[in-house]
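Look over the sequence and the structure, then read the points below.

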Amino acid sequence: MAIDKRFDPGRSSAGDLAANRGQEGYRASVRTTAGRRAGVLLGKGHSREACPAAFRKQRQAAQPGPRRVDPELLNLLIDDLDSRETVRKERLSYAGSMKLVIDTDARTLAVEEAGKQSVSHELYGRDAFAHISRQWVRAGWSLRYYHGFTWMGLPVLQLPDDLVRLQEVFWEVRPRLVIETGVFQGGSLLFHASLCKALGQGRVVGVDIDMPASLRETVARRDVGSLITLIQGDSASPEVLRQIEALRNPDETTLVLLDSDHSREHVRRELEAFAPIVTEGSYLIVADTIMRDLADVPGGEPSWIEDSPAAAVDAFLADHPEFERVSHSPPDGLDDLPDAVSYWGGGWLRRRACRQAT
Ligand SMILES: C[S@@+](CC[C@H](N)C(=O)[O-])C[C@H]1O[C@@H](n2cnc3c(N)ncnc32)[C@H](O)[C@@H]1O
């Protein structure tokens, strides 16, 4: 959205732009081409985050006198508003702007998508579950819901749903070697090692570019610490791959989980680097494929539409028919509900048996 008026002290009218002296400074009210009014405080109360350029200018400027408006300051404010408005609009269109209306009396969920006719779903049905779950996941991510969990006392930055699903895959595959890139504070490594211990087989290798001595000490002190090897370095670098080669037995069932740098380029490099060591029937799992769907939520970035793990997975699969994307299948006899509560949707890749590869 473009701002239709630049501030001109000679011509601006109250309808276009007004500036009043308030307790904390000036309040500017700007009308945009779409008729939206935006009010922003200038002067002492103006924040660096809300309007950085105006903040800098305000810092440089002498305290303005009564009813004097600094035109340059206001034009900077308009520029900031303009760019923030553009970002806001982009974010909305990325999300495919949507309105959900829950009617608990009628037991319906009405879904209104921009440019489409409203669709009504049974509130307690599969489609409504998928829509509501998606928004729940997005809101929870924005509130850092996933920061609220630990495993054996160490933070694990995952949704419990994904961890239980991962346990199902361990049960199915019975890996002898589990490699995780992106260790953070070690909770996820302890989780994998706990599963190995419970299954009576398997060991875990964790790779992180940042490996404080305290992390090594903490992990080593745990009951399952003897099952864990830590490697420091860039997970897609030849040095790290050489170290993994040195400790790996090619005959052992190997499962890889990628959760380090989430840029498309890095994840693609990791996928290419680790795919060859994932054994038949086992998994190459890419965490945080959800990021593409978080581009517009608070804390998300518009660039994540293209620059995030999901884009890397799509490109990888197009070149690697030996891997297939797998979705969750529930235990026998239960409905196959949408895989909606997950950060890893579309990121579960299974290596086909050789004879299946096309
Ligand atoms: C999302 S956290 C990992 C969370 C962890 N897997 C868990 O579930 O608790 C990402 C980690 O990746 C690491 N990292 C970032 N870039 C990396 C790279 N190029 N190579 C290896 N690790 C990297 C960071 O240091 C950080 O600890």
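## Overall fold and confidence

In the protein chain, 62% of the contacts with a separation of 6 or more join residues 24 or more positions apart. The model is predicted. Its protein chain has nine helices and 15 strands. Of its 358 residues, 31% count as buried.

**Confidence**

- The average pLDDT of the protein chain is 82, and 72% of the residues score at least 70.
- Residues 1-51 stay under 50 in pLDDT. For this stretch the model has 92 contacts beyond four places in sequence.
- Residues 89-94 also have pLDDT under 50. Here the model has 11 contacts beyond four places in sequence.

**Ligand shell**

- The ligand is surrounded by 19 residues. The closest are Gly182, Phe184, Ser188, Ser260 and Asp261.
- Two elements, α5 (187-199) and β10 (203-208), each give two or more residues to this shell.
- By class, the shell holds six nonpolar, eight polar and five charged residues.

**Helix α5**

- Ser188 is among the residues closest to the ligand, and Ser188 is also one of the buried residues of α5.
- Does the length of α5 agree or disagree with its residue count? At 1.5 Å a residue, its 13 residues should span 18 Å, and the end C-alpha atoms are 18 Å apart, so the two agree.

**Nonpolar core**

- The largest nonpolar core has 54 residues. Ala193, Val204, Val256, Leu284 and Ile285 touch the most other members.
- α5 gives the most to this core, with six residues.
- In soluble globular proteins, nonpolar side chains tend to be buried together.
- Leucine 284 touches Val256, Leu271, Phe274, Ala275, Val278, Phe323 and Leu349, leaving out residues up to four places away in sequence.

**Isoleucine 244**

- Isoleucine 244 lies in helix α7 (residues 238-247).
- Why does isoleucine 244 count as buried? It has 20 C-beta neighbours inside 10 Å, and the cut-off for buried is 20 or more.
- Beyond four places in sequence, isoleucine 244 is in contact with Ile179 and Val205.
- Isoleucine 244 and valine 205 are 39 residues apart in sequence, with their C-alpha atoms 8.2 Å apart in space.

Methods:
Residues numbered from 1 in each chain as written. Predicted model: local features only at pLDDT ≥ 70, side-chain atom pairs only at ≥ 80, totals over all residues. Near = placed C-beta within 6 Å. Helix = DSSP H or I, 4+ residues; strand = E, 2+ residues; numbered from the N terminus. Nonpolar A, V, L, I, M, F, W, Y, C, P; charged D, E, K, R; others polar. Expected span 1.5 Å × (residues − 1). Buried ≥ 20, exposed ≤ 12 C-beta atoms within 10 Å, placed from the backbone. Core = buried A, V, L, I, M, F, W, Y, C linked by C-beta atoms within 7 Å. Contact = placed C-beta atoms within 7 Å. pLDDT = per-residue confidence, 0-100.
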